[in-house]
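Welcome! Let's take a short walk through this structure together, starting with its charged pairs and then turning to its core.

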Amino acid sequence: LRVGRYYRDFSNYLNDELSSGHMLISHNAEPIPKIGLVTSQKIKKLEKIDFDFGIVHGFFDKNDLYNKAPFLHEKFFYMNIKNNNYQISIGLVHEAIWAGSIVTFGGDQPNTFKDFLKVFIAEDGPLYEGEPHPNALGNHLGLWDFYYQHNNNDQILKLYYQHFFEDTSGLRFRNEIDGLWGLELKNYIPETTILFEYLDTSHQYMNPPYVAEAYYNHTIYSAGWSYKNYTIGNPFLPHLNTDPTKIVHIGMNGLILKNYHYQIQISKKIDVNDLMRYRVDIKKEFNALNTLGIFIVNNGNKKNGVGAIIYWEL
């Protein structure tokens, strides 16, 4: 049982320090208040296989668009195959925004237990004027999560693919390769972790009306996939901007000298003319609780920002 503000209980393989950001729940926004039940189970006759699953109820915030805060519904199910030196995981994650009261769209939204059951299975809601057919009740998002890890002594290789979807077409991979592809190498260079990612959302509107999505956006819940006006998922997909994109991202960190660490992140759009975005951190760890450092950051323009890194506990 988990109660409080926290990010996620799935995709635990992802290196949140170096990654461009998880497709559903990154560290870009403040964590949402949640109540969750999470567990793992093994099958006695299949010692190499176990299952992770959970269900969460969360609470968004009131804002200029919502008179009453909507609810978050989240659930996930993973199968893990583990051997001495490798692991393969396949998971399915379902997120939904539902209930609440919308300023510009009819006020109170369906919020009974019966409505929750509809949200749970993504059943159709009411038919609104001007729509050819009813859509699923609430705003739904999801993820097919594929992960492979290989260990060779202290060397770790990770491969992952987060296939993003918002409706049945994406669930069936009709939006093709959209999502986040990643490779992480740890200790292939001593005391160094290197991460490569490719983000693609160029197939979200490739075959309307069947494949006609605007990722992180929604007609009724017009704040989109956001919390306190920050994108909850990958920050390269703004929750109020539906433009498709292709991005290459590189992250790297390690030791310079004893107790001196560096971290580098570089990102660039490759489908349009774009400048590199980057951040470079250099910091010294005095102990487990006290760290000082500096960083240089550029958000795709010709001006650099400089700041201090201070983690200090007396």
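This is a predicted model: local features need pLDDT of at least 70, side-chain atom pairs count only at pLDDT 80 or more; totals for chains, interfaces and linings use all residues.

Asp 50 sits in strand 3 (residues 46-59) and Lys 82 in strand 5, so the pair links distant parts of the chain, 32 residues apart. Asp 50 counts as buried because its relative accessibility is 8%, under the 20% cut-off. Lys 82, with a relative accessible area of 37%, is partly exposed.

A search of the whole structure turns up 9 salt bridges. One of them joins Glu 30 and Lys 228, with 3.6 Å between the closest N and O atoms. Glu 30 lies in the loop between strand 1 (2-6) and strand 2 (32-43), and Lys 228 in the loop between strand 13 (226-227) and strand 14 (230-231), so this pair ties together parts that are 198 residues apart in sequence. Arg 5 joins Glu 30 and Lys 228 in a network of salt bridges.

Arg 277 and Asp 274 form a salt bridge as well, their closest N and O atoms being 2.9 Å apart. Both of these residues are buried.

## The nonpolar core

Now for the inside. The largest nonpolar core has 42 residues, and Met 23, Phe 60 and Trp 225 have the most contacts inside it. Among the elements that give it two or more residues are strand 5 (71-82), helix 1 (113-120) and strand 9 (139-152). Strand 6 provides the largest share, 4 residues.

Leaving aside neighbours within four places in sequence, Phe 60 is in contact with residues including Ile 32, Phe 71, Ile 97 and Trp 225.

Conventions: Residues are numbered from 1 along each chain as its sequence is written. Side-chain values use heavy atoms; hydrogens and water are left out. A nonpolar core is a set of buried Ala, Val, Leu, Ile, Met, Phe, Trp, Tyr and Cys residues joined through side-chain atoms within 4.5 Å. Buried means under 20% relative accessible area, exposed over 50%, partly exposed in between (1.4 Å probe, protein chains only). Contact means heavy atoms within 4.5 Å. A salt bridge is a side-chain nitrogen of Lys or Arg within 4 Å of a carboxyl oxygen of Asp or Glu.
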